[in-house]
2 protein chains.
Amino acid sequence: MKLNSFDKSKELFLRATKVIPSGISGNKNPAFAVPGSFPYFAESGEGCRYKDVDGNEYIDYLAGYGPIVLGYNDPVVEAAADAQRKLGAAFNHPTPRAVELAEKLVDLIPAIDWCAFGKNGSDVTAYAIQTAREHTQRRKILMAKGAYHGSQSWCRHGLGGLIESDYEHVLTFTWNDADSVMDLVKKYDGDVAGIIITPYHHPAFADQEMPAPGFLQTLRKICDDHEIVFILDDVRAGFRLDMKGSHEYFGFKPDLTCYCKAMANGYAVSACCGSQPFKNAASRVFFTGTYYTSAVEQAASLACLDELVKSNAIEHMMKMGTMLMDGLKKTAADNGLEVRLTGPPTLPFMTFASEKNFRRSQLFSGEAAKRGVLLHPHHNWFIMRAHKEADIQRTLEVADACFAIVSKEFGKD
Amino acid sequence: MKLNSFDKSKELFLRATKVIPSGISGNKNPAFAVPGSFPYFAESGEGCRYKDVDGNEYIDYLAGYGPIVLGYNDPVVEAAADAQRKLGAAFNHPTPRAVELAEKLVDLIPAIDWCAFGKNGSDVTAYAIQTAREHTQRRKILMAKGAYHGSQSWCRHGLGGLIESDYEHVLTFTWNDADSVMDLVKKYDGDVAGIIITPYHHPAFADQEMPAPGFLQTLRKICDDHEIVFILDDVRAGFRLDMKGSHEYFGFKPDLTCYCKAMANGYAVSACCGSQPFKNAASRVFFTGTYYTSAVEQAASLACLDELVKSNAIEHMMKMGTMLMDGLKKTAADNGLEVRLTGPPTLPFMTFASEKNFRRSQLFSGEAAKRGVLLHPHHNWFIMRAHKEADIQRTLEVADACFAIVSKEFGKD
């Protein structure tokens with residue numbers, strides 16, 4: 001076993017702490033991973049692998065927190081981006097790529113009739129709740145406790161720099177508990193503008209929860225009965241479950257849908273999409289940014305979506321994810337450990353059944369990183385099209401060694 | 001004179017209206033320009049010129065609403081972006097480019113000690129006001145009436161989709177009226193977190209206003225006296241007035257500064273920068289987005305900033321802008337018209353002295369566009385390094401013809 005050096009990562013991080021708050025801000029801060037066992041800075045990527053600045057290579061299951069859906073440096077996406085780049089990215093006007101991308105999404109996703117483009121998921125989830133408020137002329141937004149809908153102020157109850165007004169009209173219900181939704185709808189009768197949900201529950205630091213039978217369909221009915229806008233935040237799962245949208249995978253129909261991560265294989269583009277009745281309201285919300293219409297990202301997205309469809313990528317990723325999930329469960333059991341594998345196969349996550357404090361998870365993930373496999377201890381994983389059987393096999397071999405270490409350190413379950 | 005065809009623009013716009021709210025959202029919507037006289041879609045750019053989808057070419061003074069500071073398709077920036085692209089853009093971690101860019105900005109700008117990166121100006125102005133609130137544990141933010149600080153909900157009083165809570169703690173004062181600031185500070189004694197300003201006043205649909213002598217220095221003193229965070233929104237003017245920050249041009253020192261447009265010659269990156277005392281508060285605000293650390297944009301920014309410094313670009317742009325402003329004033333007078341040229345030479349704007357309804361401006365801009373020169377009727381203009389004397393001369397020839405048309409239509413002043 002090779003012991004990774006993080007000398008260059010540490011040196012850069014030291015420099016970073018001097019000129020960047022926390023050194024690295026947001027969810028890429030090492031404090032959110034396994035400090036000392038994960039690298040801090042990346043150098044390059046190819047297929048399902050990337051190298052850190054010290055030259056350590058990882059089979060990657062975090063995919064840049066989601067966007068890398070085909071694989072790093074995908075030739076088809078890069079060629080499309082390159083061709084557009086020679087024409088230009090930022091202009092006074094959009095380019096034809098904006099129209100082509102909107103038409104492609106409308107064509108792909110039966111539930112939607114229109115799209116508007118941003119750069120990050122947060123841009124479009126904020127736009128969606130504003131569109132719901134504009135459409136209904138009401139104030140309240142309901143979201144699931146623990147759900148992540150981006151970094152804008154409306155959905156980050158009580159975090160640094162926020163004030164109560166930022167989120168006073170955003171209320172939380174319990175995932176899979178339709179009664180808790182109905183209670184809020186009754187309590188704020190006539191003032192609920194929208195319900196925003198992810199297609200399944202994927203909070204950080206917790207097992208993923210699939211929708212209970214009928215839960216999403218009940219929410220749909222509540223929205224219909226009370227003229228509430230039903231918003232799907234498909235930023236994380238979009239185009240990894242069903243090319244027609246994750247709501248097709250789970251059998252329900254949202255009014256507005258937000259996409260981002262897997263849209264463009266690493267290029268910054270996001271979309272808020274919706275059905276016809278909400279288009280007028282959407283057009284009355286001022287939604288703009290200097291780079292919202294950048295053409296290179298849109299060209300990359302056109303190529304990425306085409307490639308996902310053409311290569312039947314989701315089917316392959318489902319197979320790889322299932323192999324990984326089944327393999328981890330079996331390998332853990334072989335080492336006398338019980339693990340929970342949750343979420344759909346293309347976005348799996350693993351926790352140890354006997355703990356809630358993630359100490360086993362952190363040891364496991366840290367040891368796996370040392371052996372060239374990046375599996376996040378607190379955040380769901382992402383399968384890419386570039387993951388092949390040999391990569392999953394190698395991952396399971398590494399997992400076997402890491403489970404043995406966990407078992408030795410913490411004992412068998 | 002060539003009469004431009006907009007057949008392809010119109011055809012695309014018709015397609016766009018079917019699948020995108022308003023067809024084109026935000027400030028790039030044709031309704032904000034001269035409908036029927038400006039193209040709707042861009043095709044390609046080179047130097048200070050771009051082509052629309054119908055093949056019409058324009059000497060451009062809008063620069064993609066600011067980001068194109070060197071010129072379209074600048075070879076140095078594109079080479080730097082290309083080199084990074086081969087390594088990758090989106091990873092689980094930042095790349096060394098993040099640290100290098102933060103160090104470069106800290107090195108360039110004496111007033112700052114740290115930076116954090118976003119994608120659009122709105123990302124960083126929101127982060128700045130949250131940092132001010134976190135630092136002071138107060139709620140109120142003061143901004144100038146008519147100022148634009150981005151598209152997030154806190155600064156868009158009364159627009160579609162917003163509710164009062166979004167902006168109830170954001171109050172407006174009158175530009176160049178320090179008493180109106182002091183009135184608010186007294187009224188909300190002990191609850192004012194920050195004052196946010198642009199380095200000079202550049203509202204849309206109005207003349208630009210430079211700071212009156214002492215105005216910015218008085219605001220600085222008010223902030224010092226009342227422990228209020230002084231925030232400079234340098235998104236639009238940054239790196240077009242002084243490479244050390246626009247506050248150096250005007251002789252004051254902000255606590256936090258926001259940059260975006262001219263940072264990377266068209267690549268989507270923005271920065272919130274600040275001095276040491278505000279770094280801890282900044283690190284307690286959750287500031288993240290999947291693409292906030294994308295390395296290609298940061299590599300482009302490193303190259304763009306270097307190139308601006310090395311080529312003394314601002315000096316050249318000041319010269320070109322002065323030639324344009326002086327030339328327009330004289331050419332207008334030659335045609336019996338009085339125009340107001342306002343703002344600094346690198347970000348000029350022109351209105352007709354005898355009107356407030358922009359009808360002359362729209363006719364002038366529309367006729368100029370037909371002749372291959374893009375001068376926006378309602379929004380300030382941007383000079384690029386790629387503008388040369390011959391381009392300004394050509395622009396003044398076109399302006400002469402357009403002033404004659406305005407004079408014929410509306411009469412001499």
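The legends below describe close-up views of a predicted model.

Residues are numbered from 1 along each chain as its sequence is written, while chains are lettered from A and ligands numbered from 1 in the order in which they are written. Because the model is predicted, local features need pLDDT of at least 70 and side-chain atom pairs count only at pLDDT 80 or more, whereas totals for chains, interfaces and linings use all residues.

**View 1. Confidence of the model.** The model's ipTM is 0.97 and its pTM is 0.97. Where pLDDT is low, predicted coordinates should not be read in detail.

**View 2. The open sheet of chain A.** Seven strands line up as E4-E10-E9-E8-E7-E5-E6, with mixed pairing. Strands (E, at least two residues) and helices (H or I, at least four) are DSSP runs, numbered from the N terminus. Two strands pair if DSSP finds at least two bridges between them. Strand E4 (114-118) and strand E6 (170-173) of chain A are the edges, each pairing on one side only. On average, neighbouring strands are turned by 20° against each other, direction ignored. Axes here are lines fitted to C-alpha atoms, for helices over the stretch in contact; angles run from 0 to 180 degrees between N-to-C directions.

**View 3. Strand E5 beside E6, and helix H3.** Strand E5 (residues 140-144) of chain A runs parallel to E6(A), joined by four bridges. A:Ala144 stands opposite A:Phe173 in E6(A). Helix H3 (residues 96-108) of chain A packs on the sheet. H3 touches E4 and strand E10 (270-274) of chain A, and its direction makes about 130° with that of E4(A).

**View 4. Contact between chains A and B.** Each chain gives 87 residues to the contact. Contact means C-beta atoms, placed from the backbone, within 7 Å. On the chain A side, elements giving two or more residues include helix H1 (7-19), strand E1 (42-46) and helix H9 (279-284). H4(A) gives the most, with six residues. By class, this side has 41 nonpolar, 32 polar and 14 charged residues. Nonpolar means Ala, Val, Leu, Ile, Met, Phe, Trp, Tyr, Cys and Pro; charged means Asp, Glu, Lys and Arg; the others, Gly among them, are polar.

**View 5. The two domains of chain A.** Domain 1 spans 7-62 + 312-410, and domain 2 spans 75-310. The bounds come from an automatic or database domain assignment. Their C-alpha centres lie 27 Å apart. 15 residues of domain 1 are in contact with twelve residues of domain 2. H11(A) supplies the largest share of the domain 1 side, three residues.

How values were computed:
Two residues are in contact if their C-beta atoms, placed from the backbone, lie within 7 Å.
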